[in-house]
Each structure stands twice: as structure tokens, then as C-alpha cells.
Amino acid sequence: NIHCFAVSGNNIFASTEYHGIYISTNNGSSWQQTSFNNQTVYPLAVNGNNIFAGSYGVYRSTDNGSNWYITGLTNFTRSLAVLGTKIFAGTNNDSGIFLSTNNGTNWTQTALNNKTVVSLSVSGSNIFAGTQLNGVFISTNEGVNWSQTSLNNQTVVCLVTIGNNVFAGTDLNG
């Protein structure tokens with residue numbers, strides 16, 4: 001199963017269940033497994049020359065996926081999002097969202113700290129967090145505060161923002 005795609009320059013990265021991360025350097029005609037192998041990887045995110053991968057912690061590569069290093073966050077990570085120089089990581093086990101402002105060296109837990117966060121999306125300066133069983137939360141101040149939206153009591157596994165619209169894919173209700 002492929003969980004996520006990310007693009008960095010001319011490279012396409014794909015995260016998989018049980019088989020780590022693959023890279024294509026020719027628009028998907030062929031794929032090679034990176035050194036991040038034999039693990040389940042959920043989210044991928046790109047911030048400049050940094051590629052981030054969420055698994056049992058957040059990993060970072062600065063050399064197009066040749067080498068991966070664990071960052072300062074070791075929680076099981078289900079979602080990642082980038083807002084400027086800030087990286088947000090949604091975690092399992094009701095640990096909420098963590099924030100790094102230095103490419104993953106250090107992480108601080110945000111005020112959304114008691115939910116399992118399975119999806120994240122950024123639109124302008126807004127961050128949307130899809131949770132397990134608790135719907136969507138929004139932060140309009142870069143993760144300092146979070147307000148629950150009218151979409152609640154749902155597991156939101158996928159979020160995408162297009163202009164002023166937010167689309168949420170739920171686990172059981174479309």
C-alpha cells in the first residue's frame with residue numbers, strides 16, 4: 001500500500017506500508033527503494049532540501065533520500081505539514097500535534113495535545129487537523145490555539161485545501 005507522495009525537485013517519493021520509501025527520478029517510470037526500508041511510513045513532507053517521513057518518529061533526509069536520520073520526535077507519526085519554516089507532526093495515542101521550527105532537531109507539543117491526529121493540511125496561515133473520532137480542528141495562529149470545527153465526531157483520514165474550501169475524507173462517512 002502506498003500512503004503518501006511527495007515531490008522534491010525532480011524526485012518523487014512514495015511512502016509504503018512495510019516497505020519504507022521509494023524514489024523515482026524519471027517521473028515515475030521506475031522506482032528504487034531508499035535506505036529507509038522495511039518499515040511502515042505514513043506521511044511525507046518537503047521543506048526546502050529537507051524531506052521528512054513519519055513512522056515510529058519523524059525522520060529527515062537532506063540528500064534526496066540516500067540517508068535518513070531520526071529527528072528529536074520519536075512518537076508514532078501519522079501526518080505532517082509544513083507552514084513556512086514550521087513543521088507540524090500529528091501523532092498517535094492521543095499525543096496530538098508537535099511543532100518544530102528547526103527542521104526537526106527540537107519539537108514542542110502544541111495545545112492540541114490530547115487527540116490522535118491522522119491528517120493535516122495548510123491553507124495560507126491556517127492549519128487544519130483531522131483527528132480520530134473527533135473531527136477537524138483549526139488553528140489560525142500557527143498552532144498556538146485550536147478551535148473544533150462543525151465537522152466533529154468523525155475520523156478524518158484525509159484533508160485537502162483548495163482556495164477557501166476544505167475537503168475532508170472520513171473513515172466511514174465519505
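Phe76 counts as buried, at 15% relative accessibility. Buried means under 20% relative accessible area, exposed means over 50%, and partly exposed lies in between, with a 1.4 Å probe and protein chains only. This is a predicted model, in which local features need pLDDT of at least 70, side-chain atom pairs count only at pLDDT 80 or more, and totals for chains, interfaces and linings use all residues. Residues are numbered from 1 along each chain as its sequence is written, and side-chain values use heavy atoms, with hydrogens and water left out.

Which ring does Phe76 pair with? Its partner is Tyr42. The two ring centres are 5.7 Å apart and the planes stand at 85°, so the pair is edge-to-face. Rings of Phe, Tyr and Trp (its six-membered ring) pair if their centres lie within 6.5 Å; planes under 30 degrees apart count as stacked, over 60 as edge-to-face, and the rest as tilted. This pair links distant parts of the chain. Tyr42 is in the loop between S4 and S5, Phe76 is in the loop between S8 and S9, and 34 residues separate them. Strands (E, at least two residues) and helices (H or I, at least four) are DSSP runs, numbered from the N terminus.

Tyr42 counts as partly exposed, because its relative accessibility is 23%. The ring of Tyr42 also has a charge over it: the charged end of Arg78 sits 5.2 Å from the ring centre. For that label, NZ of Lys or CZ of Arg must be within 6 Å of the ring centre and within 35 degrees of the ring normal.

The count of aromatic pairs comes to five. Phe36 and Trp68 form one of them, edge-to-face, with 5.6 Å from centre to centre and 80° between the planes. Here too the pair links distant parts of the chain, 32 residues apart. Phe36 lies in the loop between strand S4 (32-33) and strand S5 (44-47). Trp68 lies in the loop between strand S7 (57-61) and strand S8 (69-70). Are these residues buried or exposed? Phe36 is buried at 4%, and Trp68 is buried at 11%. Together with Tyr59, they form one aromatic cluster.

Now turn to Ser24, in strand S3 (residues 21-24). Ser24 is buried, because its relative accessible area is 0%. Its side chain makes a polar contact of 3.0 Å with the side chain of Asn26. A polar contact is a pair of N or O atoms within 3.5 Å; within protein, one must be able to donate a hydrogen and the other to accept it, and residues adjacent in sequence count only if both atoms are side-chain atoms. A polar atom of the Ser24 side chain also lies 2.7 Å from the backbone nitrogen of Gly28. Leaving out residues up to four places away in sequence, Ser24 touches Asn10, Asn11, Ile12, Ser29, Ser30 and Trp31. Contact means heavy atoms within 4.5 Å.

Thr85 is exposed, with a relative accessible area of 56%. It sits in the loop between strand S9 (77-83) and strand S10 (86-91). With residues up to four places away left out, Thr85 touches Asn47, Ser100 and Thr101.

Finally, the sheet. Four strands form an open sheet in the order S13-S14-S15-S16, with antiparallel pairing. Strand S13 (117-123) and strand S16 (147-148) stand at the edges with a single partner strand each, so one side of each has no neighbour in the sheet. Strands pair if DSSP finds at least two bridges between them. Four bridges join S14 (residues 126-131) to S15 (residues 136-139). Gly130 has Val136 as its bridge partner in S15.
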